[in-house]
Amino acid sequence: MSAEHEQIVLHARDVEFDWSKLPMHWIPGQSQATHSINVLHLALPEGERWFVEVFKQAVPLIRDERLKEDVLGFIGQEAMHAQAHDGAAAHLESAGVAVRPYIAQMEWMFRRLLGDRPGSSREWLIERLAMVAAIEHYTAFLGQWILDAKELDAAGADETMLDLLRWHGAEEVEHRSVAYDLFCHLDGRYGRRVRSMLVVTPVLAWIFVRGTRFLMKNDPTRPGRTSWRAYRRAARQGLLPGPRELLREIRPYFRKSYHPTETGNTDQAVAYLASSPAAQAADAPR
C-alpha cells in the first residue's frame, strides 16, 4: 500500500439530502445527460449492498489489521452510498418515473446471479472480490471526474444533486485502493484480475445504456428518444465522461504494476469532503 493510502482513516458519514426542490431535468435543458447520471440512483444501491455483503464474508479471512480497518470503513461508506441513492430513486418515483422495473433487474443481477450459492466456496468469494476491484477502478475514475466537472456548475446543475454526486465521488477516491488491496491480499492472480475487468466493462456499459433508455422512456415529461449523438454532444460539453476518457481509463488496469492510487487525487477528495454541505452536516457535533 502507498503511504498516501495509509494516511486515510475511512469513516461513514450519515448524510441527508432534501430532494423537494429537485427539478426533473436537474441539468437544465439536458434530459439525456440528466438521466444518464440518474442511472446511478437505480443501479448503485443494489450493487453497493452486494459489495457490503461480499466484503463482510471476506473480513474473517483478513490477516492484516490495517487492511481490516480499511475494509470495515469501506463497508460503512458503501452502505451510506446505497442509502443516499435510494433516497434519490424514491424522489424520481414520487415525481412520476416508474423506477421499480429497472431496480428489479438490478436486484436479480446482484442478489441472484452474483449472490451466494449453495455451498459457496472461497473461490466464488474471491471471484466476486475481483469483480468489485474492477468496478471500483471505474468508480474511482467517475469520482474524480465529477470532482473536476466544473461544466456541470456552469450549466446550472442542481446544487443538492451535485453535492450528493461529489460527496459520493470523493469517498470513492478516498477508498479507491481498498477492494484491490483486499483482492491482492487474498489472491491477486493477474489472470483473474484481467478476466474480471473484461467481464465488468461491457456489463457496466449495458447498465448505463439500458438505464438511460429506460429513464428517458419513463420520464413523464416525454423528452424524446436517447441517441448516440446527444451523448457525444453532452460529453463534448463536459456534462458526461466522453468515450475516449472511458476507454483510456481501461488500459492502466491491465499493467502488472498497476495500483489504484494512480487514479484520482486524494487531497482534492478530502478537501471536498471538508466543504460538502451534506458531509459537514453529518460530521457536525449533535
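Buried means under 20% relative accessible area, exposed over 50%, and partly exposed in between (1.4 Å probe, protein chains only). The model here is predicted: local features need pLDDT of at least 70, side-chain atom pairs count only at pLDDT 80 or more, and totals for chains, interfaces and linings use all residues. Residues are numbered from 1 along each chain as its sequence is written, and side-chain values use heavy atoms, with hydrogens and water left out.

**Exercise 1. Work out which residues of helix α4 are buried and which exposed residues sit on the face turned away from them.**

Step 1: Find the helix. Helices (H or I, at least four residues) are DSSP runs, numbered from the N terminus. α4 covers residues 100-113. Its 14 residues reach 19 Å from first C-alpha to last, close to the 20 Å expected at 1.5 Å a residue; the expected span is 1.5 Å times one less than the number of residues.

Step 2: Pick out the buried residues. They are Tyr102, Ile103, Met106, Glu107, Met109 and Phe110. They cover an arc of only 165° around the axis, which puts them on the same side of α4. That arc is taken from the directions from the helix axis to the C-beta atoms.

Step 3: Turn to the other face. Away from the buried side, α4 carries the exposed Arg111 and Arg112.

Step 4: See what the buried side meets. Its residues pack against α2 (31-58), α3 (65-94) and α9 (190-218), with contact meaning heavy atoms within 4.5 Å.

**Exercise 2. Describe how the rings of Trp50 and Phe110 are arranged.**

Step 1: Set the rules. Rings of Phe, Tyr and Trp (its six-membered ring) pair if their centres lie within 6.5 Å; planes under 30 degrees apart are stacked, over 60 edge-to-face, and the rest tilted. The whole structure has 11 aromatic pairs.

Step 2: Apply them. The centres of Trp50 and Phe110 are 5.5 Å apart and the planes are at 45°, so this pair is tilted.

Step 3: Trp50 belongs to α2 and Phe110 to α4, so the pair ties together parts 60 residues apart in sequence. Both Trp50 and Phe110 are buried.

Step 4: Phe55 and Phe74 are stacked, at 4.5 Å centre to centre with 15° between the planes. Phe55 is in α2 and Phe74 in α3, 19 residues apart.

Step 5: Trp50, Phe51, Phe55, Phe74 and Phe110 form one aromatic cluster.

Methods: Helix = DSSP H or I, 4+ residues; strand = E, 2+ residues; numbered from the N terminus.
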